[in-house]
Structure formats: C-alpha cells, structure tokens
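Subject: Structure handover

Hello,

Here is the structure I promised to pass on. Please open it first, then read the notes below.

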Protein chains: 2
Amino acid sequence: MSMSSMDEDTNENTFKILVATDNHIGYLETDPVRGQDSFLAFEEILKIAKLQQVDFILLGGDLFHANRPSRPCLHRTMRMLRNYCFGDRESKVWIASDQSENFGDIAQANYLDENLNISMPVFSIHGNHDDPSGVGNLSALNLLSVAGMVNYFGNSTSIQDVTIQPILMKKGTSKLALYGLGNIREERLHRQWRAGHVKFTRPEDDGTPNSWKNCFNMFVFHQNRARHGPTNYIPEEFLDEFLDLVVWGHEHECRIFPEHYEDFSITQPGSSVATSLSQGEAAPKHVGILTIEGGNYNLEKIRLKTIRPLQFMTVVLSRVESVEPSDKNSIRVYLEGVVESLIEKAKNEWEEQQGQDSGIEPCLEMPMPLIRIRVDYSDGYETFNPLRFGQRFIKRVANPNDMLKFQKTRTRPITDMTAT
Amino acid sequence: MSMSSMDEDTNENTFKILVATDNHIGYLETDPVRGQDSFLAFEEILKIAKLQQVDFILLGGDLFHANRPSRPCLHRTMRMLRNYCFGDRESKVWIASDQSENFGDIAQANYLDENLNISMPVFSIHGNHDDPSGVGNLSALNLLSVAGMVNYFGNSTSIQDVTIQPILMKKGTSKLALYGLGNIREERLHRQWRAGHVKFTRPEDDGTPNSWKNCFNMFVFHQNRARHGPTNYIPEEFLDEFLDLVVWGHEHECRIFPEHYEDFSITQPGSSVATSLSQGEAAPKHVGILTIEGGNYNLEKIRLKTIRPLQFMTVVLSRVESVEPSDKNSIRVYLEGVVESLIEKAKNEWEEQQGQDSGIEPCLEMPMPLIRIRVDYSDGYETFNPLRFGQRFIKRVANPNDMLKFQKTRTRPITDMTAT
Ligand SMILES: [Mn+2]
Ligand SMILES: [Mn+2]
Ligand SMILES: [Mn+2]
Ligand SMILES: [Mn+2]
C-alpha cells in the first residue's frame, strides 16, 4: 500500500498509529558532539506523527535514557510534548475499558480530559531505563502522565500474577484491544510466563459486550528478544496465539517490518538513537505508521532523517593481504583506509536517508558519522592505541576516540550483549 | 471588612488574590512523623483558594524545599495543582503586558492558553531554595511552568542590571501592575540596589496607554528582611515609593497583616511549614485573601488548620527558683514540667486554630506538637543529654530528640540566623 493510497483509505473506521520505541531521550546529553541526537530524533518523530495526523503515538518504553532524567532533559521533553501534542483536533478514538484500570495515577486518558486540549495523544509503557523506582515506585513517565502529556499504561501492579488488562479502543466500526506490559526483570518474567502466571484479560471474560470478541489484539512490551541465557529473554512462542500484532520494544535494531510467526506478527521498531556502536544500531532507523481496520492492518515504515550515520564493520586482520602481523604501521594504514571508506559510505547513505519522502525537510548538513571497526587481531597481529589512531579523524568522526575495538577471538556469541 | 461582606463586595472590578509563600513542599518528606506536613499545608492553601474563588494565587518563592525536588515530591505537587487549578471557570483577568517578557520559557499565562482549562492560575517567583541552577539555568518552577501548572515570573535575566517588568493585569476597571523578582544572592542584590541598578519599568515608560498611570503597584520578592550583616538584607527604604503593596517572601514568620511604611505597605505571609524551631516559626500561620479595587486594597488573613503546633520558649535557669545549679535532676524535673505545660498550651491553641471559620473542615486529631525550649544555663548550671531527656515524650512530641537547646550566653542577636 503506498503512502498516498493509504491517506485516501484512512477513514473514520481506520486507526492510524505511529509506533516507535527506545527514544532514550537524554542519552549523552552533555556530550558536545552527540548531545542533541536523542532530542532531535524524538522531535522528528513528533513532527512525522503530526504530519501524518495519526490518532495516537504508541511508544514501547525507554522514552528516557536515565531513570531520573536531568531537569533540562525533562523540561525539553515536556516542552516538545506541549508543542506537538496539545491543540485543537477532535479524536475519534473512544475508550471502552475502565480507564482507572488502564492508567495508574491519572485515571483517564489525557485527550478525554475536558481540561486539556490534546491533538495527538501519546501512549507509552515503561522500559528498563525508565522503570518505576524509589519511594512511591514512580517512573519518569508518571511525571509526564500527571502533567497530562503521556498516557502511561502497562505498569503491572503485581509481579506474582501478571494480569494484563487491555485498553479497549473503538474508532468507528474498528475495535482495538491494546495490551501493554512495561519492562519486568528478565528472568523473573520468563519464569512467571513459563509457569502460566502471565494472563491477558480478554474483553469477553471481562463482561465487555460480545462485539469485542473479534477485535484486533495488539501487545506492546519491552524485554529481550535475543537469547542472552536460558531464561534471560522472552521466546516468541510464549506469546499468545490470540494476538494479532506484537510491538517489541527494548531491542534497538530496527526490524519494523512485521515478521510473521505462527498466528501473529512482530514489529520491532528499534531505537531512535544509537546507545551502542553495534551492527544492530547501524541498521537504518524507522518509525512505523500502523493502520488498523477491522481485523486487518498495514505498517508503512518511515525512515528518520535526523539520525546520525553509524557505520559498523568487522575486519579480520589475518584475511587482509596488505598487512603484516608484526608491522603495526601497515595495520594502521590499512585501518585508516577502512575509516575513510566508511566515512564515504556514510555520506552516500546520508544522501539516501535525506531523499526519503516523509514530508520532513532534509537536514542541511550531515552530522559527523559514528564509526566502529571491530578488529580481529587473532593469529599474532599487533595492536596499538585506538585513542591515538583517532587523532587524525577529529572533526570528521563523532567518536574519534573509540572507533577501533581490538578483539582476539572470533568465537564471540552472535547476539550483542549490550543492555538496551 | 468582614469576610461575608467582602464576598458580597467582590465584583467584576475587584481582584481577589490568595497570597502565600515559602511552602517548602517536600520538607522532611521522608520523616515518618513530619513527612506529610508541607504537603497538607499546601493542599489546604489550594482548598482555601478554591473556596474563596480567587482570581489567582500569588506565591512568594520557596515553593519547593529542595532545589531538585524528589520525584515523589514533584509528582504529588503536580497532582495537587492538576486537581485544584484545572477546570472550567472563566477568568476575568486580562493581561496587557507582553507575556513573552513576563514568562520565560512558556510565553503565555497558563489560563490564557486555549489548550488548557485553568480554573485557578498560580503565579510564582522562585526563592533561594528553588532558584534556577545547572545546565539551562532551570528552576523546578520551570517544570511546573512547561506543564502549564504555574506561571513562573520574576526571573531576572541579567544580574548586572536588574530590570523588573510588571505583569499588567486588568479586571474590569481595576488595573494591577504585578512586579516580581525571584531570589538573588543577598549581598549582590543589596549592592546593585544601592548603586541604582535595580529598576522597575513603569507602564507609562513602556508605551502602555496612559490609563495605566494610576494602576495599583504590587511587588513580590524573596530576600532577607532582617538584617544579617551590613549588606545581607534589603532595607525597607530601598523599596520604591511608587509601590502600593509589597509581598515579602523568604521570611518565615507570619506578619501577613500589612505594615505601613513611608508610602507603601508590606505583607509578609510567612512559611506554611516550620523549617526551623524558632520563635518566628511558632507564630500562627496564615494566608491572605487580598482584594484590590482601583487604588484600594484589603487583606483578610485566614489561619491554616493543618499546621502542626509549634511551641517555643526560652528558659533562663538562673531565674528559676526551684532549680539548683549543680542539681541536674532538679533541672530535668523543672524542664519536664515546662514541656508538659507547652503540650497543654499547644492543645489549647490547637482548639482555637481549628475553630477558625475558613470553610476548611477542622482536623480530626491534633498532630504531635513540636517543642523547642532554649535553655540558658549561664552562671554555672549543669546540662544533660537532650536526647535522653526526650525519651519519655516519644509519641507525645513530634521532635523528642531535640526539644532542648542549651545555650550559655544571653547576648545572642535578636534575629534568627537560620537560612529560610
Ligand atoms: Mn530497554
Ligand atoms: Mn532501550
Ligand atoms: Mn527563602
Ligand atoms: Mn523559605
């Protein structure tokens, strides 16, 4: 479905939702080079949502990078939300479920509060970075919630018995049950799930009229998808077959195009800022425009333009003909060439990134790219100081000091162990 | 003017303003006994403002006790503001001044924002406790401001040249110029003021129509009033004679009944929670209902009912007949009697406090009182451990561990040096 035809098809029976996750607002906020990245990306997402006139934005957790975001970070985020989400625009989405069950401290979705004029509601679960903590067990999302800026849901009150109550949404003839579960400690949730203690409340079990029996069932959560150990992830097969679409947060690689499993599909939007220099974070970053009508859905992906280029590469020195194991200089010269080629590649991909027809203005200037080369120096190759190596790339690369990562063994696990 | 007659007189030409200051929300918030005090008092103030249907609330700084209020503190404050200040009620107060000059980051008073339904606006300057700091030079009030909950004003951008632009407010035929200045380091402001670098912009100098020439001029600020050293306070004579009424924040003693100086009056509302156990904090705590019509004003004081009783007393042992200098036990027995009498006094005053006709329900139970006895033990009197002394008053006194303060000299300065 092309974007233009989708616009025409969008009608009063079609939910239109922007899906995004892991914005990690405030990541490296004091860094003179990369400090703005997380804010710019989040603002671009808000702009896209506004241009697309979505019914709402759905976020999959880790909105903030820090559990206690700094005051400037919180302030800037709130200002963006106030700028983009407040205004005149009547929502056609009704909520049929008990909102005091759905939304913890403010027992009402912001756009249904008569005292707030919300043009674009945001619904969010928490991630592991912005999970509830401390006195009162509050998340930074609670501050946005009490300010009427975000509808924070999916905060399971019991860890013994995880019961997930959906937000039942109705737009025209379409019905959507939106299930959410904020991040829970990985092993714990795995065990509870395996033991059958994770339950999805179905509308019909809840006394909701039978007409909800055939609603579209969507689930957003924030856990490991990649296996980091026997119980340190949630296997896809745990997910209930009644679900139609799962929005998987926490994993930073953008695999937003829905992947089909037994009875459902998974969309993994990925992060909007790279918090590690890994292969996964180097994939082009998108948000999704999800449309749902009756039992059908469509997801259109939109590439973000503000994302700083990230080039990731693995070099196995023993496979490079031009270098000698004991000749540091030959290795250095070779790797300098690799960096140059990656900068060039970043430029080309940047052009492509800016050429996307998302309605967002292209960025005037390419930000300095992030470069990461994993250098396998097994078989007796020399190494040298990556910091000194980076000196000549200052002002050309965003991370001159840590471009090179020397690693000896090739037998590292495939999944990236970085916590996201 | 009695309260009932005032209600009748309040009309479309009369500003009705609740004035309060130094709420120190979050003070001792983790203390099991006193943790709720600051919240309860602030909520009572909001209730009174709502009952009185004031046009707005004016706060004189130190809304928060901590520069970086804890998440629970911020959350609870925001929830209260959302509960009490949002709702349907059209304001008849117009703002004629440039709001982008008046209000820093959000260039508009919240109640004039079409996206917010504000029934009761709050205007506040910052104090020394909640002053701007850190990256972006933000105050906790900026978070409330961007959330549309408080109209934060009086944050002078330059310290070299303090120019105070009023908020020009009009209600019917009455005109009010509200000047505000958030706390500035004491000595610095004193010097600047003395050197003539503190300027109040008068409406007529600003191109505002001449009709503003006879407006009511009010100034709210937050500095030492008591002399703490040659330049460590602002003398009343610094204040410009064009002012009609000055609302003095920072000083915690309630001297809310306007005191007349040369050409103007000063109202000092005092804190709504005792942050030190001093004579000043022991005075009954009130907020004011200020009415302004044309050039006239009236201030009605309303006693707060939720305030924990505080009894302060000085005992000079050498003047007590029943005690012997070397007889610790006689001193202890005497002071125990003093504590008992102060508890009794607290009970009597509590009844009086609860009997006030403010429209607020009396508190069901008296909270344990705060007791502070300054014991002058000059002339060779024995002292003992105040902590052990307090043991028998646990569960009867809020601060059993520090009721007694032994002091040797009688020649201490009259003003309390505690920073407020
Ligand atoms: Mn995460
Ligand atoms: Mn993440
Ligand atoms: Mn103060
Ligand atoms: Mn104070």
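In which helix of chain B do Lys345(B) and Glu349(B) both lie, and how many residues apart are they? Both are in helix 8 of chain B, residues 328-354. They sit 4 residues apart, about one turn of the helix. Keep in mind throughout that this is a predicted model.

**Salt bridges within the chains**

Lys345(B) and Glu349(B) form a salt bridge, with 3.6 Å between the closest N and O atoms. Lys345(B) is partly exposed, at 41% relative accessible area. Glu349(B) is partly exposed too, at 29%. Elsewhere, in chain A, salt bridges with shared partners link Arg225(A), Glu236(A), Arg255(A) and Glu259(A) into one network.

In chain B, Arg255(B) bridges to Glu259(B), and their closest N and O atoms are 2.7 Å apart. Arg255(B) has a relative accessible area of 29%, which makes it partly exposed. Glu259(B), at 22%, is partly exposed as well.

The search over all chains gives 26 salt bridges for the whole structure. One of them pairs Glu352(A) with Arg303(A), the closest N and O atoms being 3.6 Å apart. Glu352(A) belongs to helix 8 (residues 328-354) of chain A and Arg303(A) to strand 15 (residues 296-303), so this pair ties together parts that are 49 residues apart in sequence. Glu352(A) is partly exposed, at 48% relative accessibility. Arg303(A) is buried, at 9%.

**How the chains meet**

Chain A can be laid on chain B by a turn of 180 degrees and a shift of 0.0 Å along the axis, with an RMSD of 0.0 Å. The two copies are thus related as by a two-fold rotation axis. They meet through the same surface, because 100% of the interface residues of chain A are also interface residues in chain B.

Chain A gives 33 residues to the contact, and chain B gives 33 residues. The area buried between them is about 2700 Å², with 58% of it from carbon and sulfur atoms. Three residues stand out: Arg71(A), Arg82(A) and Asn115(A) supply 31% of the area that chain A buries against chain B, more than any other three residues.

What holds polar groups together across this interface? The rule finds 2 salt bridges there. It also finds 14 residue pairs in polar contact. One salt bridge joins Arg82(A) to Asp113(B), with the closest N and O atoms 2.9 Å apart. On the side of chain A that touches chain B, the elements giving two or more residues are helix 3 (71-85) and helix 5 (140-146). Helix 3 of chain A has the largest share, with 7 residues.

**Inside the fold**

The largest nonpolar core has 140 residues. Leu58(A), Met218(A), Leu58(B) and Met218(B) touch the most other members. Beyond its neighbours within four places in sequence, Met218(B) is in contact with residues including Ile17(B), Leu58(B), Leu176(B), Tyr179(B), Val247(B) and Ile292(B). In soluble globular proteins, nonpolar side chains tend to be buried together.

Is Lys171(A) buried or exposed? Lys171(A) counts as buried, at 6% relative accessibility. Its place is in strand 7 (residues 167-171) of chain A. Leaving out residues up to four places away in sequence, Lys171(A) touches several residues, among them Asn11(A), Glu12(A), Phe15(A), Asp55(A) and Lys92(A).

Best wishes

Note on methods
Residues numbered from 1 in each chain as written. Chains lettered and ligands numbered in written order. Predicted model: local features only at pLDDT ≥ 70, side-chain atom pairs only at ≥ 80, totals over all residues. Heavy atoms only, no water. Least-squares fit on C-alpha atoms with pLDDT ≥ 70 in both. Contact = heavy atoms within 4.5 Å. Buried < 20%, exposed > 50% of the residue type's maximum accessible area, 1.4 Å probe, protein only. Core = buried A, V, L, I, M, F, W, Y, C linked by side-chain atoms within 4.5 Å. Buried area = accessible area lost by both parts, 1.4 Å probe. Salt bridge = Lys/Arg side-chain N within 4 Å of Asp/Glu carboxyl O. Polar contact = N/O pair within 3.5 Å; in protein donor to acceptor, adjacent residues only side chain to side chain.
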